[in-house]
Amino acid sequence: MQRFIFAIRAFFAILFTGKLPPDIAKAYGFVPAKSQPAGKQTPAAKQAPQPKAVPELKPSDGALQMLAILQRDSRLIDFLMEDISPYADDQVGAAVRSLHDQCRDALERYVHLAPVIDGVEGTFTKLDSSDPNKVKLLGNVPASGKAPGGVLRHKGWRADKIDLPQLSAGQNTAILAPAEIEVE
């Protein structure tokens with residue numbers, strides 16, 4: 001029964017503190033390693049492998065991951081890279097309908113989108129911001145680049161929440177879809 005209690009205590013101690021409790025370590029003969037002065041390391045310590053650095057994520061990794069998801073769930077890249085000129089419009093339209101539904105489902109699963117301006121397109125809209133990242137002015141724009149408002153032509157899109165799956169260590173984000181080989 002004592003081993004069972006030690007196992008539970010050890011599990012939670014390591015989970016929450018990252019360390020084995022001293023009484024459990026002593027009971028099983030584990031002793032803390034004595035630290036050597038900085039200049040006097042043992043040969044074994046000098047040869048110990050250094051832990052591998054965790055690769056730093058780049059902004060492009062998320063974009064590539066989303067593209068890989070759209071390929072996995074809807075074969076978007078296959079569709080875009082295929083020459084569709086020999087197909088009739090009705091054939092392309094039929095293919096696009098299912099592709100559209102699959103892409104939208106994948107996008108909604110990982111990204112919550114909302115309009116930049118929640119208004120009715122085609123109506124006058126007063127501008128709250130002149131930030132060119134949020135609002136693109138079209139037409140007869142004053143030289144100052146500022147206008148009180150105008151007709152809303154497109155609501156715009158912003159990502160309110162992004163919930164992409166965690167990338168695994170060492171995952172090559174440049175591979176959007178692995179090659180598939182059927183072995184017979």
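Modeller: Happy to! The chain exposes about 15500 Å², with carbon and sulfur atoms supplying 58% of it (areas come from the Shrake-Rupley method with a 1.4 Å probe, and for residues only the protein chains shown count as cover). Please keep in mind that this is a predicted model: local features need pLDDT of at least 70, side-chain atom pairs count only at pLDDT 80 or more, and totals for chains, interfaces and linings use all residues. Residues are numbered from 1 along each chain as its sequence is written, and side-chain values use heavy atoms, leaving out hydrogens and water.

Now to the part itself. On the surface, a nonpolar patch is formed by Ile14, Leu20, Tyr28 and Phe30, which together have about 390 Å² of accessible area. Patch residues have over 30% relative accessible area and no salt bridge; like charges are joined within 9 Å, and nonpolar side chains (Val, Leu, Ile, Met, Phe, Trp, Tyr) within 5 Å. A salt bridge, in turn, is a side-chain nitrogen of Lys or Arg within 4 Å of a carboxyl oxygen of Asp or Glu.

Helices (H or I, at least four residues) and strands (E, at least two) are DSSP runs, numbered from the N terminus. Leu20 has a relative accessible area of 33%, so it counts as partly exposed, between buried (under 20%) and exposed (over 50%), with a 1.4 Å probe and protein chains only.

The chain has 6 helices and 4 strands, in the order α-α-α-α-α-α-β-β-β-β from the N terminus.
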